[in-house]
Amino acid sequence: MRKIGLVGGISWVSTIDYYRFINEGVNERLGGLNFAECLIYSLNFGDVQDKTWEGSFDLLLNACESLKRSGAEAIVLCANTAHLFADQLQEKIALPIIHIGTETAKAINAAGIKNIGLLGTIFTMEKDFYIKKLEDHGLRVLVPSKKETRDYIQFTLKEELGRGVILEETRTQYIQIINDLIKEGAEGVILGCTEIPMLINQDDFDISVFDTAKIHCKAVVDYMLS
């Protein structure tokens, strides 16, 4: 089994899901008492917020280098937004980074979908580091067109879901936002922040819902056991 290093704490509530999904995935494949051999470097999310995501390269690099020194053979960034620096980090540390955007694009293509809605942080929805990965796989990406809607998603991700707070009112609003994307032509939707599945899931929609945390973890298990 290959040893992987998880950069977590961004946020801790979704890092718990990563640890669980990866261990369950390994055990499902190997059975018995076999579970994942992994390392976790859990960042203080407050430090990331103080520096802002765009200023957090050094924090992420330090985490990756620490995991490499500890024997990690590949790195997993346990947040979609952290992939803002995935390419630079991979070049610096000379270890593979299992990219959440690439793996999500593969899953969408396998489902035969071309027009895909995307919800995530402001950075994920507005910058090209994530959308470009999807477009490179032939996908047309739709994000909420109104700035106020994107700001609302950012606020709830940071102040509610990132703290483990689940509100029914927020859930209702997210469903409406996705229904609006469906009206614009979305054939499926990416839950492009690893906290969003705490709020909504496939049961809430008739179209395909792509849970990036689960997709990412499956790819991690595939790598570990390859």
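1. Leaving out residues up to four places away in sequence, His 83 touches Leu 77, Ile 98, His 99, Ile 100, Phe 129 and His 216; contact here means heavy atoms within 4.5 Å. His 83 sits in the loop between β3 (74-77) and α4 (86-93). Is His 83 buried or exposed? His 83 counts as buried because its relative accessibility is 2%; buried means under 20% relative accessible area, exposed over 50%, and partly exposed in between (1.4 Å probe, protein chains only).

2. A word on what you are looking at: this is a predicted model, where local features need pLDDT of at least 70 and side-chain atom pairs count only at pLDDT 80 or more, while totals for chains, interfaces and linings use all residues. Residues are numbered from 1 along each chain as its sequence is written, and side-chain values use heavy atoms, with hydrogens and water left out.

3. Ser 70 is another loop residue to look at, lying between α3 (57-69) and β3. Ser 70 counts as partly exposed because its relative accessibility is 43%. Which residues does Ser 70 touch, not counting those up to four places away in sequence? They are Lys 3 and Leu 39. Ser 70 and Gly 5 are 65 residues apart in sequence, yet their C-alpha atoms are 8.7 Å apart in space.

4. Now the domains. The assignment gives domain 1 (4-99 + 214-225) and domain 2 (101-212), with bounds that come from an automatic or database domain assignment. Taken over C-alpha atoms, the two domain centres are 21 Å apart. Across the boundary, 22 residues of domain 1 are in contact with 25 residues of domain 2.

5. For the overall fold, the protein has ten helices and seven strands; these are DSSP runs (helices H or I, at least four residues; strands E, at least two), numbered from the N terminus. Of the contacts between residues at least 6 apart in sequence, 73% join residues at least 24 apart. Buried residues account for 53% of the 226 residues.

6. Finally, the dimensions. The C-alpha trace spans about 45 × 40 × 35 Å along its principal axes. The radius of gyration is 17 Å, which agrees with the value near 17 Å for a compact globule of 226 residues; it is taken over C-alpha atoms, and the globule rule is 2.2 Å times the number of residues to the power 0.38.
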